[in-house]
Amino acid sequence: MTAIPKRASFFWGKSAGERRDVSLSLAALIAICLLAIAISPTAFDGSRIFLELGNLTDILRQVSIIGIISLAMTFVILTGGIDLSVGSILALSTSVVALVLTHWNPGGAQPFVIAVAMLAALAVSTAAGAFQGAVIALFEVQPFVVTLAGMIGIRGLAKWLSNNANIDIGFGRDVASTFAGIFRGKSVIIGCYIGLALIFGLLLSWTVFGRHVRATGDNERASRYAGLPIRRIKVLVYALSGLLSGVAGILYAAENHQGNPNSGIAYELDAIAAVVIGGTRLSGGKGTILGTIVGTLMIGVLTNMLRLNNVDSNVEMMVKAVIIILAVAVQRQGRVAQ
Amino acid sequence: MPQEILRISDVDKSYDGVRALRGAGFSLLAGEVHALMGENGAGKSTLSKIIAGAVRADRGSLLIDGRVVTVNGPLDAQKLGISIIYQELDLFPNLTVAENMAIANHQFAEGGRVRFAELDRFAERFLKQVGLSISPRRPVASLSIGEMQLVAIARALSMNARIIIMDEPTSSLFDDSVERLFRLISDLKSKGVAIIYVSHKMDEIFRICDRVTVMRDGSTVGMRAIAEITPAELIRMMVGREWKARERPVRQTGDALLAVSGLTTRKLRDVSFEVRKGEVLGIAGLVGAGRSSLGAALIGLDKWKRGQMTLHGRPARPDSVRKAFKLGLRLLPEDRKLQGLMMQMSVLENCTIADLGQLAPDGVVRRRREVSAVQPLFLHLTLKAASLRAPVGTLSGGNQQKVLFARCLLANPEVLFLDDPTRGIDVGAKEDIYAIIERLAEQGKGVIFVSSELPELLRCCDRILVMREGEITARFDAATATQEDIMTFATNPVSSGEFV
């Protein structure tokens, strides 16, 4: 009578609809890659520059920061929420990590100082996210409004802490430089992204928490009737969003050798775009981490392709806009039948 | 012989590769009330939606007045004189009654200026026809479900329809509103309006319909004149097998299981009752009488202002849903779409969502474990689902309700509060649900069964409480009570005859 379902495939989504959405995004990503290969400029030996290992890993490094933010953004959007404060939290994190390393150096061995600086940045970022989540959950204010306020207020906090100045991290042998030296490495950045993607993919598809996140976004009222801890779930997803924005901030500070209170502007939009291209519904309840990764890579490959061909960066933005609409429209078409 | 005004034939329709209709057909004469019957998932709703232009068929032809027409949307259908009243009322909650009636109405040109006084007069005319005396300026969200149902009917009338499709129009109406609706239907009939009446309620069909078309598994099984068929034959056509109505079970009830005294909440006043082991306690009352509020209070959703509760004689208080669950209480909510199901999630996920804490104590969900916990319940509930992985939204109403039953029963609760569990589901599925309730009573559980249909309460319950305006107004032994007794205590003595 009831068919015994096949094993849940990792990352791949639980329902037929989700799998179709992810397959569509994957197909689009492959199409863009093929196009990129086709029109790629060639090196002296006739090989395609796009396909060079260095170029491919460059793409990964470039998408890693937005990619990391969009992992947690997927969770937020799955609950039916949105987090506009991620760019500001990134800026706060860059400022805190740079400040601890350069001004408030607690003393001690270099690894210890670096650990303290990073933990401080992550703690502040997570707290900022959790606080917003608590306001959303306890006062039932719309996430858009709360995180819009957060986006303004947290940016203010970052600027206030740093006196609205960049905090430079040098290239010498001091602790700050060591920190930058470690965390600006391509493999470290890409490794962070891949590691976090695995963790968040597992979190969403294999844990009770992930299931609760989707249920809350699918039908909050029914979730209340089913006894789910809705407030705790909401606080947690915004805390996770803060945490990953903090991680992104640390990587940003290392890569750019500075804490910058004006960094991360409009990152929330890029992250939301990646999530949406990946097939997650803005109304919540349905979406996958794999989809978000594919969405992130699509933007990354597209940017790389256009830059390799010397396309004007303003045109690049216009092309991106078209891709976002196309991706979502195609997924939408597939769902009309439902 | 009256003229045939609608004929639809050879209709195929698939959703995501699942066939909903297979060569279905239907024909309608002017001025007749034509019942469309079938079990859940038989394709009645899909066929209705195709006629109303809300869904497009993959194949098939539609003739209106003998001419082939194409309908590309609801507005097209409206212009042909077809309107539909959905079971899930498609009103705009934040707009007023009058605005709801004018919106998407082809008589009001788009882009035109709104003259509110004119709009009011327009709305009032049709509200009067359905016997609703409310201000057309009231927002729909402030109305009761029964009133909304009548507004939806008034809206259909306001579109000058010649063909009105009514999908379970009485599912949220109580007796005198139903009478009013029936009078309205015979009135419309005499004016030559044809009505497609989708319902599961046998007594209604035999009272008001002229002919009946039965569907099964996406195909049309047959068409009969009501005068020439018996209910048993009709049911046989629907289910395709022999069907026997169950007798009222004789039960021995045990010790007191749950006792509530003086329960007072925002919506309840001084409610006291007890449920014994193995007892089915019925709750009757109009919509809004506090039936659902009682469920909300027992399950920890509504705050208790006053009152005591004991379980097995020991004091207990459901302060939160979690706490109520721990005490062994479960609720099957009234509105499965709004309060029950996560429509985008799979059947399996919907079954286990409330009990993941027990199924996955370490926080890691293991599918195999979920499946083995759910599968015995599926056999029990005679639940048919193509796959546990299918989104629950693709199931029929009756099967969706069974998924919610599975969710309730997964943790083997002691007391179940079933809030109108047979609302809007077909005869076969209703019988299944009665059987489930009986079995739960046999297992010694306490079942509280809320229903708008008195016959089913009289048949399934041991005792029946009647509620009105948040209070219990009467208690009956179900073996001796009559529908009239119950109605007397359910309706307001001062303004009896008013609508719910």
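I started with strand S7 (residues 163-167) of chain B, which runs parallel to strand S8 (residues 194-198) of chain B and is joined to S8(B) by five bridges. In that pair, Ile164(B) sits opposite Ile195(B) of S8(B). Ground rules before going on: this is a predicted model, local features need pLDDT of at least 70, side-chain atom pairs count only at pLDDT 80 or more, and totals for chains, interfaces and linings use all residues. Residues are numbered from 1 along each chain as its sequence is written, while chains are lettered from A and ligands numbered from 1 in the order in which they are written.

My element names are DSSP runs numbered from the N terminus: helices are H or I with at least four residues, strands are E with at least two. I call two strands paired if DSSP finds at least two bridges between them.

I then traced the whole sheet: six strands, open, in the order S6-S7-S8-S3-S9-S10 (chain B), with mixed pairing. Strand S6 (82-85) and strand S10 (219-225) of chain B are the edges, each pairing on one side only. On average, neighbouring strands here are turned by 20 degrees against each other, direction ignored.

What packs on this sheet? I found helix H8 (residues 231-239) of chain B there, touching strand S3 (33-38), strand S9 (211-216) and S10 of chain B. The direction of H8(B) makes about 30 degrees with that of S9(B). My contact test is C-beta atoms, placed from the backbone, within 7 Å. My axes are lines fitted to C-alpha atoms, for helices over the stretch in contact, and angles run from 0 to 180 degrees between N-to-C directions.

I also checked S9(B) against S10(B): they pair antiparallel over six bridges. They make a hairpin with two residues between them, and Asp217(B) in the turn has a positive phi of about 50 degrees. Arg216(B) stands opposite Ser219(B) in S10(B).

Next I looked at an open sheet of four strands, S12-S11-S14-S15 (chain B), with antiparallel pairing. Its edges are strand S12 (271-276) and strand S15 (314-315) of chain B. Strand S11 (residues 256-264) of chain B is joined to S12(B) by five bridges, with Val260(B) opposite Phe273(B).

**Helix H16, chain B**

I checked the length of helix H16 (residues 427-442) of chain B. At 1.5 Å a residue, its 16 residues should span 22 Å, and the end C-alpha atoms are 23 Å apart, which agrees. (Expected span is 1.5 Å times one less than the number of residues.) The buried residues of H16(B) include Lys430(B), Asp432(B), Tyr434(B) and Ile437(B); buried means 20 or more other C-beta atoms within 10 Å of its own, exposed 12 or fewer, partly exposed in between, with C-beta atoms placed from the backbone. What do they pack against? Among the partners are H8, strand S13 (280-284) and helix H15 (397-409) of chain B. Just after H16(B), Gly444(B) takes a positive phi of about 85 degrees.

**Cores**

I count as a nonpolar core a set of buried Ala, Val, Leu, Ile, Met, Phe, Trp, Tyr and Cys residues joined through C-beta atoms within 7 Å. The largest has 183 residues, and Ile69(A) and Phe449(B) have the most contacts inside it. Helix H10 (residues 230-256) of chain A gives the most to this core, 16 residues. A second, separate core has 70 residues, including Leu80(B) and Val427(B). Back at Phe449(B), I found contacts with Leu418(B), Ile437(B) and Cys460(B), among others.

**Chain A helices**

Helix H8 (residues 208-218) of chain A packs on H10(A) at about 105 degrees, with the axes 10 Å apart. The two are therefore roughly perpendicular (the class runs from 65 to 115 degrees; under 35 is roughly parallel, over 145 roughly antiparallel, the rest oblique). I noted His212(A), Val213(A) and Thr216(A) of H8(A) meeting Ile230(A), Ile233(A) and Val237(A) of H10(A).

**Positive phi**

Asn163(A), not a glycine, has a positive phi of about 55 degrees. Asn163(A) counts as exposed because it has 9 C-beta neighbours inside 10 Å. Asp65(B) is another non-glycine with positive phi, about 50 degrees; with 14 such neighbours inside 10 Å, Asp65(B) counts as partly exposed.

How values were computed
Contact = placed C-beta atoms within 7 Å. Lists of a residue's contacts leave out its neighbours within four places in sequence.
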